[in-house]
Amino acid sequence: MKSLRAKQWVDDKLGSLLIALLKPMALALGFLLRRDHALEVRGDIVVIKLLGGGSLVLAMPALLALRRAHPARRLSLLCTRGTRAFAETLGVFDDYIVVEDSGVRSLIVSGLRALRHCWRVDTVIDLEVHSRLSTVFGCLTCARNRIGFYLDTAFWRRGVATHLFFYNRASASHVHYEQIARALGGTIAPIAEVRAAYRAANGLPAARSPQNPATRIGLGCFCSDLSVERMLSAEEWARILSQRLGDAKVTVHLFGGKQDRPAADRFITLLAQALPTAEFVNECGAHDLTGSLRLLDTMDRLYSIDSGLLHIARLIGVETVSFWGPTDPQTLLLPLPAGSTDEVHYSRLACSPCVHLTEVPPCRGNNICMHAHLDPGLADEPPIWVIR
């Protein structure tokens with residue numbers, strides 16, 4: 001499955017079919033076996049998070065609370081390769097059960113292998129709010145407790161999961177993860193303590209020493225294929241940085257994955273014209289995630305869109321300036337310790353946020369909510385978007 005849309009289609013269609021088949025059997029077995037589903041940890045724990053590495057960073061307070069509350073229990077993560085990279089920076093999991101999502105066959109084979117690994121584990125925590133296949137997997141493990149979320153309706157997950165927690169898309173996402181941790185005996189640590197634990201897990205010094213004035217600038221202009229509408233164009237970044245940096249002699253490091261390297265070269269060509277006194281370094285694909293994290297810690301400031309990189313920067317204490325539109329910062333940002341510097345720009349139009357709220361973005365890719373950061377007039381009378 002090469003595209004995210006294909007994966008979502010398979011998840012919806014195949015997941016719906018399997019749930020329809022499994023639910024009657026799950027309800028019947030639940031009635032006959034009368035298992036004790038007390039909401040407490042009595043054995044090993046498996047957490048499911050397949051997409052969205054940034055979401056795992058947001059779940060760090062909850063996962064750290066689980067780790068500390070149950071140090072003798074094995075805490076595993078069911079994930080994809082991309083998500084595993086983010087998970088390894090948390091320092092809370094004992095092992096990783098990787099599901100290959102490059103095709104239907106690889107998904108089935110690796111899924112069966114993962115199911116054997118997780119068979120009859122005590123507790124499964126499904127952090128995939130929108131996935132149906134993750135619910136199916138949790139059910140097939142025959143875990144004593146299968147914990148998940150429900151949105152506007154719990155109908156299709158009720159009976160398949162043993163415990164469902166309400167996920168309010170208008171509230172901060174980390175709060176929903178934390179309610180599960182608290183229900184399982186965890187205590188949520190202050191964010192300063194979570195930051196210290198995260199820095200220690202990645203071999204970072206206890207405190208940062210940023211320069212003043214800032215001379216090392218990070219730029220997070222890329223994101224995953226989950227809602228590319230979050231991105232600003234190279235021309236827009238050139239205008240933003242020229243307005244803010246002027247003729248300052250700074251070094252700008254562009255962060256991203258290996259697949260972003262050609263695009264970053266094109267960005268640098270335009271950025272260099274707007275900031276002739278600045279130097280630019282293409283870091284895309286030059287480091288693994290841990291290496292990028294350590295390099296990020298040397299930055300004095302990060303300019304970024306909504307991305308996993310932004311969440312990591314905020315958690316380790318880098319000063320950030322972020323730009324939002326298709327997603328809402330009020331629901332996707334962890335609180336910061338007192339004294340932290342964080343500048344958030346959110347252009348909220350009538351159609352935003354749209355990610356996870358609609359199957360097709362109203363703008364069909366013409367993300368006027370992001371363009372409005374440089375042209376505020378767009379927010380006054382946005383165009384009408386119709387699907388035909």
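A: Begin with one residue. Setting aside neighbours within four places in sequence, Ile 125 is in contact (heavy atoms within 4.5 Å) with Ile 45, Val 46, Val 47, Ile 48, Leu 66, Ile 147, Ile 180 and Leu 184. The model is predicted: local features need pLDDT of at least 70 and side-chain atom pairs pLDDT 80 or more, while totals for chains, interfaces and linings use all residues. Residues are numbered from 1 along each chain as its sequence is written, and side-chain values use heavy atoms, with hydrogens and water left out.

Q: Which residues touch the most other members of the largest nonpolar core?

A: A nonpolar core is a set of buried Ala, Val, Leu, Ile, Met, Phe, Trp, Tyr and Cys residues joined through side-chain atoms within 4.5 Å; buried means under 20% relative accessible area (1.4 Å probe, protein chains only). Here the largest core has 53 residues, and Val 47, Phe 93, Ile 125 and Leu 296 touch the most other members. Helix H3 (residues 60-69) gives the most to this core, six residues; helices are DSSP runs of H or I with at least four residues, strands are E runs of at least two, and both are numbered from the N terminus. Apart from this core lies another, of 35 residues, including Phe 222, Val 252, Leu 275 and Phe 280.

Q: Which residues of helix H4 are buried?

A: An α-helix has 3.6 residues a turn, so residues three or four places apart point the same way. In H4 (residues 81-88), the buried residues are Thr 83, Phe 86 and Ala 87. They lie on the same side of H4, because they cover an arc of only 100° around the axis, taken from the directions from the helix axis to the C-beta atoms. Among the elements covering them are helix H2 (53-58), strand E2 (75-79) and helix H12 (308-316).

Q: How many cavities of 30 Å³ or more does the structure hold?

A: Rolling a probe the size of a water molecule over the atoms shows where empty space is left. A cavity is a set of points, on a 1 Å grid over the protein atoms alone, where a 1.4 Å probe fits but cannot get out; lining residues have an atom within 4 Å of a point. Points are joined across faces, edges and corners, and volume is the space filled by probe spheres set on them. The structure holds four such cavities of 30 Å³ or more. The largest has a volume of about 90 Å³, and 14 residues line it, with Asp 126, Thr 135, Arg 146, Ile 147 and Ala 161 closest to its centre. H6 gives the most to this lining, four residues.

Methods
1 Å grid on protein atoms, 1.4 Å probe; cavity = no way out; pocket = protein on both sides within 12 Å on 5 of 7 lines; lining within 4 Å. Buried < 20%, exposed > 50% of the residue type's maximum accessible area, 1.4 Å probe, protein only.
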